[in-house]
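I opened this entry to keep track of what I looked up, one item at a time.

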Number of protein chains: 2
Amino acid sequence: MPFIRRLVIIGVGLIGASFGLALRRAGAAERIIGLGRTRANLETARRSGAIDEIQEDLAAAVRGAELVMLAAPVGQTPRILAQLEPVLERGTVVTDAGSTKQSVIAAARTFFGRHLPSFVPGHPVAGAESSGAAGASGDLYEGRNVILTSLPETDAAAVGLVTAAWEACGARVYRMDAAEHDHVLGMVSHLPHALGFAFMDLVTRDPSRERLLELAGTGFRDFTRIAGSSPEMWRDICLANRDSLLAGLDGFADCVDVLRTALEAQDGSTLSQLFERASAARRQWGERSGEAPHGSGQ
Amino acid sequence: MPFIRRLVIIGVGLIGASFGLALRRAGAAERIIGLGRTRANLETARRSGAIDEIQEDLAAAVRGAELVMLAAPVGQTPRILAQLEPVLERGTVVTDAGSTKQSVIAAARTFFGRHLPSFVPGHPVAGAESSGAAGASGDLYEGRNVILTSLPETDAAAVGLVTAAWEACGARVYRMDAAEHDHVLGMVSHLPHALGFAFMDLVTRDPSRERLLELAGTGFRDFTRIAGSSPEMWRDICLANRDSLLAGLDGFADCVDVLRTALEAQDGSTLSQLFERASAARRQWGERSGEAPHGSGQ
């Protein structure tokens with residue numbers, strides 16, 4: 001039995017379209033309405049079955065809906081919430097998929113105050129908004145983590161509906177405070193992206209740039225993979241989670257200073273300690289997450 | 001026809017044993033003698049066919065050899081060169097597989113001066129020394145890059161023999177100056193490893209450490225993979241290539257400063273420019289090196 005008769009997805013990219021496909025596959029959503037900026041992408045989503053219907057009128061789209069998912073890039077959330085505010089009916093639950101949560105909540109407090117009880121801020125830790133409906137998949141969320149950061153005002157029933165929807169997609173749902181979310185994601189996702197971009201930028205400025213790129217191996221490949229991500233999306237995320245990211249950059253600079261001081265003093269024992277702590281933690285994480293064992297690639 | 005009748009491999013780990021297997025498979029080496037610290041590992045190498053014979057006596061091992069490969073960890077190179085110096089015959093070529101080259105050359109000038117014409121410093125940019133003979137493979141060097149950093153004193157014939165050996169292993173041989181090698185490898189390998197260790201160290205010190213590791217995704221996985229590498233090996237490499245690494249850390253700090261300043265000023269356009277430059281360079285590198293296209297994973 002579908003527990004969502006009418007689902008609206010605003011922003012039918014990889015994240016939004018995969019949500020539609022997964023809920024349909026689970027038999028959890030009956031009718032799915034899609035809104036978005038790019039007609040061709042919406043058509044792709046309709047052909048794939050991620051949505052049933054394309055709507056241009058926001059008020060018509062959300063009328064009678066149980067759930068609205070905001071899956072547009074996080075920079076557009078304030079504008080969408082402001083447009084949604086006057087047309088949303090009581091009883092329609094709204095959630096989002098933005099990668100940062102304090103900024104979304106601040107926007108909701110400003111533009112969506114009347115509907116705070118039915119707003120459930122969320123973040124599926126998977127994939128990316130930038131790749132479009134063509135890359136969407138009904139099993140994108142299988143085994144992935146979704147973090148909900150409810151407000152004190154949020155209705156328990158609204159959280160329950162959003163939790164049920166994500167669980168129907170095969171995801172594990174965590175609940176935490178928005179500040180903790182932003183710290184955690186800042187550390188494990190936003191900071192490495194920022195560092196990866198900065199490292200790749202350094203390489204492109206090197207006078208021996210061609211030689212570097214010619215001789216770069218598998219260690220370089222893995223370390224820099226995230227630096228190939230969407231510049232627009234990551235600019236928005238970094239700006240939206242600025243405070244956590246700045247704190248992360250400070251902490252990282254301190255760790256690099258320890259390393260640098262040890263290197264200058266040829267202090268092999270401090271280097272060993274730091275590398276051993278890091279290596280043990282990384283290997284343990286790899287085992288826990290079922291990663292294949294790896295060598296010490298160059 | 002084997003062009004090496006007697007090959008000696010000192011240090012039969014992943015690198016040394018794979019060299020033996022590859023040369024045997026190519027029919028380039030007739031008899032392969034192995035020396036090392038760990039009996040069990042040497043036995044593994046013999047069983048796999050990487051070596052024919054285990055020797056404990058260095059003088060007996062190298063007598064009549066065309067080629068000696070030093071494939072022990074780079075920190076042991078000075079000691080091995082010093083032991084080799086009095087027993088090596090004229091006409092035996094010596095090469096090494098150390099990840100840093102200026103430090104190896106400095107050791108050779110100190111301990112191996114009489115034999116400089118037959119010493120060909122080298123570095124196969126592949127795999128790692130730390131994983132032992134059990135992980136060795138005859139195709140480890142297939143399509144990989146090997147860098148030779150000859151001295152002004154090195155005989156052309158010695159370089160020719162080492163080049164032929166690596167080409168028989170399927171590798172592409174580059175020649176460059178040791179300082180350029182150390183800069184290039186410092187940038188594309190040693191610096192990312194140092195940064196990867198520092199980042200992983202930061203994560204392990206975080207009060208929310210458990211939460212971080214629980215919610216870390218594929219971006220984190222790739223970015224930190226090199227932080228699982230051997231601490232001892234990387235301590236030695238970092239110390240041996242200290243000057244290049246310190247210069248790389250300075251350059252990186254400058255790039256991070258640009259990012260940090262833009263972030264503080266909420267200067268999205270500078271962030272965009274930096275991210276776009278980095279992302280374009282990384283995508284181009286990925287295409288050139290035949291990597292599968294990727295999304296913007298979290």
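The expected span of a helix is 1.5 Å times one less than its number of residues. I note at the start that this is a predicted model.

**Entry 1: helix α6 of chain B**

I looked up α6(B), which covers residues 156–168 and has 13 residues. From its first C-alpha to its last it reaches 18 Å, close to the 18 Å expected. I then asked which residues of α6(B) are buried. They are A158(B), V162(B), A165(B) and W166(B). Looking down the axis of α6(B), I find these buried residues within an arc of 95°, so they line one face of the helix. On the face turned away from that buried side I listed the exposed residues A156(B), A157(B) and G160(B). After α6(B) comes G170(B), and I noted its positive phi, near 90°.

**Entry 2: the sheet in chain B**

I traced an open sheet of 6 strands in chain B, and its order is β3-β2-β1-β4-β5-β6 with parallel pairing. Which strands are at the edges? They are β3 (53–54) and β6 (119–120) of chain B, and each pairs on one side only.

I followed β1(B) to its partners. With β2(B), β1(B) pairs in the parallel sense over 6 bridges. One position I checked is R6(B), whose bridge partner in β2(B) is R31(B). I also counted how much of β2(B) is covered: 5 of its 7 residues are buried.

Strand β1 (residues 4–10) also pairs with strand β4 (residues 67–70) of chain B, in the parallel sense over 4 bridges. Here I checked L7(B), and its bridge partner in β4(B) is L67(B).

Next I looked for what packs on the sheet. The helix from my first entry does: α6(B) touches β1, β4, β5 (93–96) and β6 of chain B. The direction of α6(B) makes about 55° with that of β5(B). Helix α1 (residues 14–25) of chain B lies across β1, β2 (29–35) and β4 of chain B. I noted that α1(B) runs at about 165° to β1(B).

**Entry 3: helix α11 of chain B**

I repeated the length check on α11(B), residues 242–264. Its 23 residues should span 33 Å at 1.5 Å a residue, and the end C-alpha atoms are 32 Å apart, which agrees. I listed its buried residues, among them L245(B), L249(B), F252(B), C255(B) and L259(B). What do the buried residues of α11(B) pack against? In chain A they meet α7, α10 and α11, and in chain B they meet α7 (178–205), α10 (231–240) and α12 (268–288). Just after α11(B), Q266(B) takes a positive phi of about 50°.

**Entry 4: where the chains touch**

**Entry 5: chain A as a whole**

I closed with some totals. Chain A has 12 helices and 9 strands. Its C-alpha atoms fill a box of roughly 70 × 40 × 35 Å along the principal axes. Of the 298 residues in chain A, 54% are buried. Among contacts in chain A with a separation of 6 or more, 80% join residues 24 or more positions apart.

Technical notes: Residues numbered from 1 in each chain as written. Chains lettered and ligands numbered in written order. Predicted model: local features only at pLDDT ≥ 70, side-chain atom pairs only at ≥ 80, totals over all residues. Helix = DSSP H or I, 4+ residues; strand = E, 2+ residues; numbered from the N terminus. Buried ≥ 20, exposed ≤ 12 C-beta atoms within 10 Å, placed from the backbone. Arc of directions from axis to C-beta. Pairing = 2+ DSSP bridges. Contact = placed C-beta atoms within 7 Å. Axes fitted to C-alpha atoms, helices over the stretch in contact; angles between N-to-C directions.
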